[in-house]
Amino acid sequence: MTVWTRANGGEDQDDSAPPDHAPFVLVDRGARGLVLHALNPAARALGLSRGQSHADARAIAPQLASVPAEPERDKEALKRLALWAERFSPAVAADMALPAQEGLFLDMTGGTHLFGGEAAMLAELRARLAKAGIPARLAIADTPGAAWALARLSAAPEAIAPPGRTREAIADLPLEGLRLEAEALVLLRRFGLKRIGELYGLPRSGLARRFRGEAGLRLVERLDQALGAAPEPLEPVRPGPAYRTGVVFAEPLTHIKGVALRLPDLARTLGEQLERDGRGARRLALIGFRVDGRTTTIEATLSAPAARPEHMIRLLREKGLEHLDLDFGIDALMLAARQAEPLSTRQGKMGEDGHAASSEALAGLIDRLQARLGEGAVRRPEARESWIPERSEAWRRAGPDAPVSAAVQDRPRPILLLDPPEPVRTTAGLPDGPPVQFTWRRAQRRVVGAQGPERLGAEWWRSEPGLMNRPARTRDYYRVEDDQGRRYWLFREGLYGREDADHVPSWWLHGVFA
Amino acid sequence: MIPASRLHRSAPSSRATYPAAAEPLEEVGAGGPGDVAAALAFALARLVSAPDERRPVALVTTADWLGERGRPFAGGMRAWDLDPGRLIWVRTRREGEALWALEEVLKSGAAAGGLATAAAPPFVATRRLEFAAREGGAVGVLLRAGPAEDLSAARRRWRVTALGSGTDAFDPEALGAPRLRAALLKRRDGPPGAWDLERDDETGGLPVVAGLAGDGMDAGERRRGPRRLGAA
């Protein structure tokens, strides 16, 4: 099915809609000055047309009002509309292939009965679009190509080609319905061809050869696509959710409380769908379809697949239902699992009673914390292949499973690590020994005991520079204790007289022991 | 003649036993700005004090706390009997968020315990934390930057200072096991006291140092100690 929204520059019309009776155009920069980009009916009635130069148009109609076109915003508006149309179908494509012929494709395969049949669905869709201030022409057919042609060129604003009768349905339409380039159309007219049906009987190879370059092949391909002889996959604006469930309201919902009331039902239905397939949601989206033809969404990510309705509800509540921007109200609400994964991967090992339950509780906890505090607020340590302390472990985003444990490190390591290390001023007894006192954060500390060194060589295979953007050097780590019983992890970077003669070795504090 | 053992027992003593098992909610304060690491280690030891516990332990920090003190280093926590695989670090911006996160952790039942850094937790928040810890069968610890005397629902309030290391049995030059002094300023189940604890490098536990055990409080603390703090 296809929707052709003739609301070119819909954005501008929303803001300061010009009256229909006054000629109004959007202008765009062309190769030779400004050209007309889009016209309202009054301007079209004056004989103006798209692509005409603005100067010519002003000569014909001096009272013409014009505003610069914003094609990028038009595209955005069309995409937004495509998202809104997802309430009718999980696969909606925004069609921007031909200028001035932008529209939407909705894959309605097996879905029209949900809206009371094809005709009822078209009527509902058109009514909802009209309510949002978007005039539209709709058609439903077996192929995207045929629906495209019917939506734009049939006499009625809503057209339905009966299943299997596409050939007849588009036979009488002009050749423009085949989505051809202007040159090809001109050539076809020269042959005396006007209607799509006139092409049916012509030999295809001869037809293709009449044109220079690829135009002939393109013509045949378009014809095949319209008749269903060649496939034409749609590219949806976003991949359809694996699981979704929705509810439609008779009256627009304007208060968030209403959403909160409906949420449990939706979650239960979605949970059942997921449970039936043994899957759990990894990404949830709660989508409100607004009466003005836009959507408003909150999304939540789960650290582990879950199908329990209570968990989904709690997570979305934690995200904040109030972030849904209801504006003038929503008339449909949808809960979708944008990403689903098998639940079985998280089942506990045999014989570990309660393992599955506790790991589910942990996943739930992590999700709630992340929903409120932000992604990445919850982390777990992961060992890495490095002996440089600050690189030896990474705090990774928490998932359902315990991260890989670090290789057992029996060397003393501090409980708090200063990253990056902080420079200290030291008084050393011997050049190669630990300091006898040092100053860190403006306080002087007298060393009463020290142990070391533990020598950690620079990882020469890494390209990142070391401290203060100098090449990394060998570090000698000392565990020192001051006269108040506090234990610090100091290191001297560089070896006297051996590495990097330009810099004398420097002292750094890298961590604090308990 | 009275047997010596009887004498010993009947002697008036303020010696309290070190409570190895943790209450649902405890407060640990650092004795001074330099004692934060010792306080953190002691708090972790309280969290993992329950035997045979494999559930994770959460560390909830605020941005302020982190900025001054560096980041938790899981490799160093292993020495305190905390397997890095059990560790979950929750970073929050404000203290209110940290207290909320700790409450979620405690009541979820998924964690053995959690500690949160807090400068001035409101009394109501501590009450909530205590309930949450009981509900989830977990241990909660509030890590305070310094000694505090405000109202709190925590059953115990500790003050931890670092002590010089013990001696190494095999190498007189080397630093021995780390020691710290934990003073119990407030408790419900007995008189306050103070203990010198030394980390056992074999088990990672924190046994009371032989010969130092007992009431290590000075006179000032003794006066302050028995006062009932908070709504205990």
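Strands, as I use the word, are DSSP runs of E of at least two residues, and helices are DSSP runs of H or I of at least four residues, both numbered from the N terminus. This is a predicted model, in which local features need pLDDT of at least 70, side-chain atom pairs count only at pLDDT 80 or more, and totals for chains, interfaces and linings use all residues. Residues are numbered from 1 along each chain as its sequence is written, while chains are lettered from A and ligands numbered from 1 in the order in which they are written.

I begin with B:Glu27, which is placed in strand β1 (residues 25-30) of chain B. Is this residue buried or exposed? B:Glu27 counts as buried because 28 C-beta neighbours lie inside 10 Å. The cut-offs are these: a residue is buried with 20 or more other C-beta atoms within 10 Å of its own, exposed with 12 or fewer, and partly exposed in between, the C-beta atoms being placed from the backbone. Two residues are in contact if their C-beta atoms, again placed from the backbone, lie within 7 Å. Apart from neighbours within four places in sequence, the contacts of B:Glu27 include B:Leu142, B:Arg144 and B:Trp158. B:Trp158 is 131 residues away along the chain, yet the two C-alpha atoms are separated by 6.0 Å.

For chain B as a whole, there are 7 helices and 9 strands, and 53% of its 232 residues count as buried. Chain A has 15 helices and 21 strands; of its 514 residues, 38% count as buried.

Next, the cores. A nonpolar core is a set of buried Ala, Val, Leu, Ile, Met, Phe, Trp, Tyr and Cys residues joined through C-beta atoms within 7 Å. The largest one holds 171 residues, of which A:Leu150, B:Leu40 and B:Phe42 touch the most other members. Helix α2 (residues 36-47) of chain B gives this core its largest share, 11 residues. Setting aside residues up to four places away in sequence, B:Leu40 touches A:Ile415, A:Leu416, A:Ala514 and B:Leu143. A second, separate core has 12 residues, among them A:Phe24 and A:Leu64.

Finally, strand β5 (residues 92-95) of chain A. A:Val92 and A:Ala94 point one way, A:Ala93 and A:Asp95 the other, and all are buried. This strand pairs with β6 (residues 103-106) of chain A in the antiparallel sense over 4 bridges, where pairing requires at least two bridges found by DSSP. Within the pair, A:Val92 stands opposite A:Leu106.
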